[in-house]
Amino acid sequence: MSILSGKHILLGVTGSIAAYKAADLASKLTQASAKVDVLLTGAAEKFVTPLTFQSVTGRRAYTDSDLWGNEAHVLHVSFGKTADLLVIAPCTADTMAKLAHGIADNLLTVTALAATCPILIAPAMDGGMFDHPATQENLSTLLSRGVLVAGPASGHLASGLLGKGRMVEPAEVFGYIRKALGKNGKLAGKKVIVTAGGTQEAIDPVRVISNHSSGKQGYALAQAALDEGAEVCLITTPTALTPPVGASVINVKSVQEMLDALMNESADALIMAAAAADFRPKIVAKEKMKKRDGIPQIELEAAPDILRTVSTVGAARSERRFKVMVGFAAESQSLLENAGEKLKSKGLDFIAANDISAKDAGFGVDTNRITLLFANGTKENLPLISKSEAAEKIIEHVARLLE
Ligand code: CTP
């Protein structure tokens, strides 16, 4: 179930050209099963209409005319008290100033002043306005009060100038919203490291030995851990995916780089979702191998087994740098026997056994069918589910083991 499912989000929209992007955000939130109530300022209405938002949320959108209507009191007081989060995206320099100084002169700012729920803003303004000392001071005030801030990004501004002031893209604001909602989850205060993607073992400066891993399951695990409030470190090989908002990312390529990155870390849990190589070229050619020199014979050697290495560092379990260790077993035959053997030999708390011969599970696709085997001998068969759902299940077990 999505972290947004059933959540009540107030989306404040202020007068910036980025207001059109707020419609996309409202749509994303609604599709993720959140209940979205949109509040537009008068200036926002110059850029977009309430109808735009009503059309994507299926709910009435509110404007300043509602501030003076019969329901005014209910609106601004109860909204800010019953909502799970007030998001203001885009948030202009003017609205930031009002929030910082407690000015309540429209439905949105009245609601913000009365709100007891967390507030997240995504600033959007033109060249120079964000850097202005007044805005910077307002920003510091808001941050010191615990207001969450997404962006702004640098780049092309509506005026044609380049600079800091662009609203971060709706998908990124969505990530910040997830992070804000997950803050007090089951993994709050815990650190989780997830490895993802297929490693690349260099043959020469242009060629590598790699595998079909897309990184999807690892990225979904990082997101699921963030949704439960964990501090997440994602150690990833190059993939086509965008890391989830809030994860700290370490980019690696080879097994050795992944192992080195892990040896510098410790965490409550390590989830090794990466498809790490077992073999690598014994010698990496310094120069590009040329066709004219004939077909090369590439001698392979064993790559280090990351899980085996980290599980044997520190003799006692309490000394382990990762309290809970989870592995994946990618198998094309004898799934449970092979996975069970890896569970023991790699010193894991549990392993997710994956039949990679199935078309709808494993590498590249969005779904997975896995069986979880636990160190205590129990097992759990998960049906064919999305990689996000599989990630949520795995994270549930990690949280349980860390209780
Ligand atoms: N793994 C690892 N280091 C490696 C290779 C794999 O830590 N060099 C981890 C994987 O991330 C996974 C688990 O070990 O969590 C099992 O990986 P898998 O490829 O299924 O098994 P291997 O141990 O590599 O054995 P084999 O390839 O022979 O099945």
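Visitor: How far is an oxygen atom of the ligand from the side chain of Asp278?
Guide: In this predicted model, an N or O atom in the side chain of Asp278 lies 2.7 Å from an oxygen atom of the ligand.

Visitor: And what about Lys346 and Met272, where do they come in?
Guide: Lys346 has a polar side-chain atom 2.5 Å from a ligand oxygen, whereas Met272 uses a polar backbone atom, which is 2.8 Å from an oxygen atom of the ligand. The protein buries 79% of the 570 Å² that the ligand exposes when taken alone.

Visitor: Which elements give two or more residues to the shell around the ligand?
Guide: Those are α11, spanning 306-312, and β16, spanning 322-331, and of the elements it is β16 that gives the most, with four residues.

Visitor: How many residues surround the ligand, then?
Guide: There are 15, and Ala274, Phe328 and Lys342 are among the closest. Sorted by class, the shell is made up of ten nonpolar residues, four charged ones and one polar one.

Visitor: Switching topic, how is the chain divided?
Guide: It is split into domain 1, covering 8-181, and domain 2, covering 191-402, and their C-alpha centres are 39 Å apart. Five residues from domain 1 and five residues from domain 2 take part in the contact.

Visitor: How much do domain 1 and domain 2 bury between them?
Guide: About 480 Å², with 60% of that on carbon and sulfur atoms. On the domain 1 side, Gly175, Arg178 and Lys179 supply 81% of the area buried against domain 2, which is more than any other three residues supply.

Terms used. Residues numbered from 1 in each chain as written. Predicted model: local features only at pLDDT ≥ 70, side-chain atom pairs only at ≥ 80, totals over all residues. Heavy atoms only, no water. Near = heavy atom within 4 Å. Polar contact = N/O pair within 3.5 Å; in protein donor to acceptor, adjacent residues only side chain to side chain. Areas by Shrake-Rupley, 256 points an atom, 1.4 Å probe, with all protein chains shown as cover. Nonpolar A, V, L, I, M, F, W, Y, C, P; charged D, E, K, R; others polar. Domains from an automatic or database assignment. Contact = heavy atoms within 4.5 Å. Buried area = accessible area lost by both parts, 1.4 Å probe.
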